[in-house]
Every structure is written in structure tokens, then in C-alpha cells.
Amino acid sequence: MTLLQLEYFRVMSRTLHYSEAARELHTTQPNLSYAMKELEKELGAPLFEKQGRRVRLSAFGMQFACYADKALRTLAEGQEVLRQMKTLPEPLSIAYIDELGYDFLPELLRSFHDTFPLVPLQLYRYLHPDILPRLLNHSMNFAFTIFEPDTPSLEQLPVTSQDMMLFVPPNHRLSGRSSVSLTEIGMDPVAVTQPHTAIRRIIDEMCETAGIRLNVVFEAEECNAAALYVSSGLALSILPFSPLCTMYRAEAIRIAFPSRTRQICLSYDRDQPLTPSALQFLNYVRKNLVKPPEM
């Protein structure tokens, strides 16, 4: 079965006249008649019935006409989409965790837009655990988020890292220190992120290395809430350092033991085909953010 046969059948089923259909299709009547006979042979059913000098659709023809028309309309829509793709850049959907909205991301998006002003940018802020499913079901092109070590289907390009710091309220006994060990926290109340978060995984690894157990009084869903807790003087916290942290009345102290960093990556599903807009963005990030591996 060919597209030409389907197009011939669609016109023939509308005109129900071989000569008229042949003129409209810019072909000969014998060519049209042969195409219809071959189509009937492949389908194993008569599509037309003679009615004097004219023809009419058979019961099989009336049924098949709906599907032929739908198939040709779908193909026409696909051709139109491809035509538009050649002229209009596709929207680029980017997910990110909240803290990055105060870090390098605004400047990156501004400079990318200056370079590719026609690419529409769609930005979505999510908690880290909510980003991964959206990448894997292809509802997002990219995400700026925390490195996921156990997700082999993700391509993850490191773009920056953030040191894990101890945040203390003003006038705390540890304030003013240039560095601390986690063992110095003692039984001070601590606000941490919830167990399912990547930050909590890092914190737990740090505590295991230091051989301590934190006096956790609050488990926050994200960094903002934990930082606010510290700013209110209710607890200490262990958070990655970013410009967001400077917005709160809290002091960031370097953790000398055990020191850890949080890796921020540009992530995407390597099985998702890259649109031209996505490829432009990926190459731009690689050129401007991704550091080459050290030799």
C-alpha cells in the first residue's frame, strides 16, 4: 500500500467518478483504475460498486475511507510540524532546584538568551526528588540539580560545586571561627533536610565519617526552610554554600573535618533525542560551564 494509492482513493471516494478524479489528480483514468484495483487486491475487499455509469463506495469502502482520511491528515500534520520546526525554535524546558536561582543560573540564562534570542525558555523550580521523574519521562529537556550516582540513564555534566558549611545563628558559641569540626557540634539542636534528599545523604556520610550523631530537631524539605530555622536562632544546620545563604541572618563556617562538597550538574536523559534548541543549549553550557577533566 502506498501513499499515492491512499490519495487516489480519497479523491475517488469523494468524487465517485473516474474521469473527474483523474483530472483532479493530474493522472490518466487507466492509472487511477489500476491503482484502485491494486489497493483492493491488497486489502482483499472491493472498495467500490458499479452504479450505472458511476460508482459508489461499498460497505468496505465506506469503512476504509475513514481510516485513509485519518492517515493522510496525520501525515499532513506531521509535515506541518516539521515545516514549523525549520522556522521556529522549539521551547526549551529547564528544571532547577531553588538554591540555583540565586547562583550562576540567572547569568547563564541571560547570556544564552543574548546569543540565541529566538529560543523560548521555560523554567520550572522543583525539589530535587521531583526532578528525576520529569527528566526520565521527557517532560523536561534539562535539569540543573544534584549529582545522582545511581542513575546510569542520565548524562550528568558537572558545572559547579558547593562546599558543605556549618551555619550558626548570630552570637552562637562557634560564631567567628574560620573552621570547625563536626565533632564540636555536640548536642546543639540541628536542622537538616529530610532523609530522601541528596543533601541529607551527604550529611549522613559526613556524620558517619566523624563518628557522631546529630541532635536533629527539624527536618526541612529544602535548604530555605533549614536556613530560616538557623536565622531564627532555633538550631544549627549543615548546608551547601550558595548566594542564597547570604540572605539569612546566619554565619557560614567552613567544615574542616570531614569536608565535603555538593556537585551540581546539568542532567538530561541520554535516550531522549535532542531538539535543535536543546543541542544549542547543551553545547553552550559545555563551552561556558563544564570544566575539562584534569590530566
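Trainee: How many nonpolar, polar and charged residues are in the lining of the second largest pocket?
Mentor: It's a predicted model, so to speak of local features takes pLDDT of at least 70 and side-chain atom pairs pLDDT 80 or more, while totals for chains, interfaces and linings use all residues. Numbering starts from 1 along each chain as its sequence is written, and side-chain values use heavy atoms, without hydrogens or water. A pocket here is an open set of points on a 1 Å grid over the protein atoms alone where a 1.4 Å probe fits, with protein on both sides within 12 Å along at least five of seven lines, and a lining residue has an atom within 4 Å of a point. By class, this lining has 4 nonpolar, 2 polar and 6 charged.

Trainee: Which element gives the largest share of that second largest pocket's lining?
Mentor: α3 (29-43), β1 (48-51) and β2 (54-57) each put in at least two residues. Y18, F48, E49, K50 and V55 are the closest to the centre, out of 12 lining residues. With 4 residues, the largest share comes from α3.

Trainee: Are the rings of F218 and Y229 stacked or edge-to-face?
Mentor: The structure holds 12 aromatic pairs (ring centres within 6.5 Å). For F218 and Y229, the centres are 4.5 Å apart and the planes at 15 degrees. Planes under 30 degrees apart count as stacked, over 60 as edge-to-face and the rest as tilted, so this pair is stacked.

Note on methods:
Phe/Tyr/Trp six-rings, centres within 6.5 Å; stacked < 30°, edge-to-face > 60°. Nonpolar A, V, L, I, M, F, W, Y, C, P; charged D, E, K, R; others polar.
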